[in-house]
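Thanks for coming. I will go through a few local features of one structure, residue by residue. Please have the sequence and the model open.

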Amino acid sequence: MSLNKNLEDDSNQNHRVTWEGCSVLLDVNDGDRLVFARLTAASNLSMGNKKCSLQPLIGCPFGSLFQVENGQDGPYLSRILPTTTEGDNVQKKVYCQIEDESKDNRALVDNNTAQNLTGEDIDAMRRQGATGDEIVQALIANSATFEKKTSFSQEKYRLKKQKKYAPKVLLRRPFTRSICETYFKKYPARIGYLRVDTLSLLLSMGNVSPHSDVLVLDMVGGILTGAVAERLGGTGIVCNVYLGVTPYPIDIVRMFNFSSETCRRIVRCALTDLCSSHNGTLEQICQPEEVCNFESQSKEEKSPLCSISMDETVLSSENGMLDLVPEPSVSPATKACKNTKAGEKASQEAIKLWKENGFSSLIIAAPDVDAWSIVKELLPFLSFSAPFVIYHQYIQPLATCMRNLQLGKMAVGLQISEPWLREYQVLPSRTHPLMQMSAFGGYILSGTKICIDDQR
Amino acid sequence: MLLVDPAKKISFNRYISDGDLVIVYERHDNMKAVKVCKDSVLQNRFGVFKHSDWIGRPFGSKVFSNKGGFVYLLAPTPELWTLVLSHRTQILYLADISFVIMYLEIVPGCLVLESGTGSGSLTTSLARAVAPTGHVYTFDFHEQRAVSAREDFERTGLKSLVTVGVRDIQGEGFPDDFCGKADSVFLDLPQPWLAVPSVGKMLKQDGILCSFSPCIEQVQRCCETLRANFTDIRTFEVLLRTYEVREGKMESCQADESGSTGSLPCKRRQRSSEGSNAKEVSGSPTIMARPSAEARGHTGYLTFARLRCLS
């Protein structure tokens with residue numbers, strides 16, 4: 001069966017159809033609400049005070065559009081299949097009339113009497129089984145001012161009513177692009193205000209390419225780790241280094257539909273382990289963590305060391321929803337992920353190899369660590385000619401770091417850059433930049449490590 | 001440039017050998033791609049460099065000329081390649097390239113179509129993104145340009161990931177062989193709207209198109225065509241501002257006890273316990289950063305759209 005194939009197929013993370021247990025991003029009413037969810041027979045999407053089952057979404061292609069319809073047992077999600085011609089008509093109506101419009105809003109009186117339908121009327125229509133679209137049509141027909149509106153504001157009116165009475169849900173793929181945009185829009189602090197174009201630059205400048213071993217310091221919730229792993233596509237290794245004894249949470253990694261092979265290649269390693277030479281201390285340091293890693297799930301909850309590692313905590317709230325609202329209180333991992341857990345401890349052999357050969361690139365996104373002090377520690381683990389990138393929201397730590405790297409002659413091609421991104425509204429005779437934009441995407445320090453012990 | 005065969009892991013093999021492509025780095029704004037050939041030399045303003053001296057040294061090494069001048073030898077990456085490639089056309093730069101790859105959701109294994117190939121700047125990054133199992137099919141209507149691009153991909157070792165075709169995509173569309181097979185399509189054409197119907201046929205459902213155009217009129221017209229079969233149509237402009245960092249000693253505004261009569265507006269007293277006759281500028285050096293005075297102000301508009309899901 002094709003669904004099973006999807007599950008088993010480790011090499012391909014480029015799924016186009018959903019399956020039971022997959023992670024999805026639901027875009028409600030054109031970005032008004034963005035919700036991460038895991039599709040199971042029991043998972044729901046709450047719409048107002050009601051709940052819609054997500055069951056109908058299983059097995060549908062990503063990109064499918066759904067509309068909330070009123071059924072006997074409450075609202076349900078129904079797939080909308082637009083026809084090409086319909087799209088054409090809408091296009092002509094909305095975009096072409098605009099150009100030679102003579103109507104304006106001089107007659108508009110905002111006294112709340114334009115609508116003849118009352119709330120009771122609408123409830124009655126609902127009881128009689130009217131669809132959301134029918135209610136919207138009725139509202140338009142009973143609006144005294146609709147005909148006088150410009151076609152532009154007519155469309156706005158229609159859209160507003162549609163959002164309320166016939167909400168649409170778009171099924172999207174949780175890829176780096178959509179995950180980063182969603183967090184940036186809703187909870188930017190959780191990803192260290194890392195904007196999607198900035199993240200894209202980190203991946204390019206870090207030369208994240210297949211079969212490479214990327215050293216990552218991810219204090220931005222796992223978005224960086226996930227983005228790197230996505231680019232590696234089940235090859236190479238993402239090694240998450242952490243200071244101290246506690247790995248940084250990388251919960252966002254679970255929003256991606258990574259294969260178990262990809263998860264296996266996301267590892268973590270304490271800076272002390274990386275730095276220490278091969279002696280007894282290394283084993284001692286690792287032991288407590290190792291023990292709890294191999295313990296069963298139920299025991300894991302009790303272990304204080306593990307409750308802060310990357311378990312299935314956020315994922316498995318009651319109905320499998322990953323809504324971005326403040327994370328639900330840690331509930332036991334009842335629905336264990338089918339996949340290997342991402343973020344296992346790096347093996348001793350791997351650490352040994354990295355010490356000998358170096359990582360192929362280094363990417364740092366650590367808002368609370370001084371750039372220079374961490375670069376000084378991590379740069380020795382890079383192989384010669386390897387690129388490194390550091391993201392920070394403030395320029396000063398990067399400037400200091402850059403200056404020190406220059407003085408130490410440790411790197412070439414040093415550059416601090418700041419990305420700038422502007423979106424446009426494109427409509428006939430109405431094209432302009434969006435009224436609101438993100439004014440800041442952070443700073444990036446990039447460079448290439450050089451071989452210091454030069455021979456004359 | 002890329003590791004297609006995991007057996008030859010790049011981080012495990014960083015020594016320069018005969019036949020390797022290296023990036024000779026003089027300064028951040030002066031680099032050159034050189035194919036190492038044991039009997040060959042590199043001559044520049046710093047003197048003569050013998051390739052034979054380079055072989056066996058690690059990538060990232062500093063190497064010296066007969067006159068004692070030096071350069072660094074770097075391993076090529078798509079970013080460095082973009083800075084050194086020969087410009088046969090206007091090319092795409094880092095900020096646009098990075099954004100395009102992220103927004104087109106290109107991951108290893110994807111099949112990507114591109115037109116035109118131009119100088120292959122974007123193509124090189126596309127190849128990295130689809131590797132090791134995907135493929136980039138790129139088309140240019142200019143025969144000679146396609147030949148040069150093929151030579152470049154041979155040189156950079158991307159031959160197995162990129163196929164260059166000669167074809168007028170605006171006039172003929174993409175070849176039917178790719179119908180419904182493309183994950184993403186990139187267009188850099190003067191009249192992209194002419195290619196949009198063909199792109200609609202090539203893309204998988206929910207697949208993404210990106211069109212790069214320098215002029216807003218092109219964007220306008222392209223978007224009008226896209227509205228028939230595409231959704232999630234968004235247009236962006238992305239730029240990169242670079243900064244200069246300098247360490248300097250700033251004269252601080254402090255009352256000089258020996259010379260001052262106290263009439264200076266500064267109220268801070270010199271805390272130094274040293275003799276008050278020190279004439280040099282006090283204070284530790286400050287590291288300062290400011291945007292570079294000149295920057296690329298416009299490259300092009302990037303329009304993205306998804307093929308509507310019809311089944």
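A polar contact, as I use the term, is a pair of N or O atoms within 3.5 Å; within protein, one must be able to donate a hydrogen and the other to accept it, and residues adjacent in sequence count only if both atoms are side-chain atoms. This is a predicted model, in which local features need pLDDT of at least 70 and side-chain atom pairs count only at pLDDT 80 or more, while totals for chains, interfaces and linings use all residues. Residues are numbered from 1 along each chain as its sequence is written, chains are lettered from A and ligands numbered from 1 in the order in which they are written, and side-chain values use heavy atoms, with hydrogens and water left out.

Start with A:T225. It sits in helix α8 of chain A, residues 223–232; helices (H or I, at least four residues) and strands (E, at least two) are DSSP runs, numbered from the N terminus. Which side chains make polar contacts with the side chain of A:T225? One is that of A:D218, at 2.6 Å, and another is that of A:N240, at 3.0 Å. Contact in general means heavy atoms within 4.5 Å. Beyond four places in sequence, A:T225 touches A:V216, A:D218, A:V238, A:N240, A:I250, A:V253 and A:I266. A:T225 counts as buried because its relative accessibility is 0%. Buried means under 20% relative accessible area, exposed over 50%, partly exposed in between (1.4 Å probe, protein chains only).

Next, A:E20, in the loop between α1 (2–8) and β1 (23–28) of chain A. At 47% relative accessibility, A:E20 is partly exposed. Leaving out residues up to four places away in sequence, A:E20 is in contact with A:L39, A:T40, A:A41 and A:I58.

Now the backbone. A:Y193 is in the loop between α6 (176–186) and α7 (196–205), and A:N207 is in the loop between α7 and β8 (213–218). Buried or partly exposed? A:Y193 is partly exposed, at 38% relative accessibility, whereas A:N207 is buried, at 11%.

Last, chain B. A cis peptide bond links B:S115 to B:G116, with omega about -5°. B:G116 belongs to the loop between β7 (111–115) and α4 (121–130). Another cis bond joins B:A131 and B:P132, with omega about 0°, and B:P132 is in the loop between α4 and β8 (135–140).
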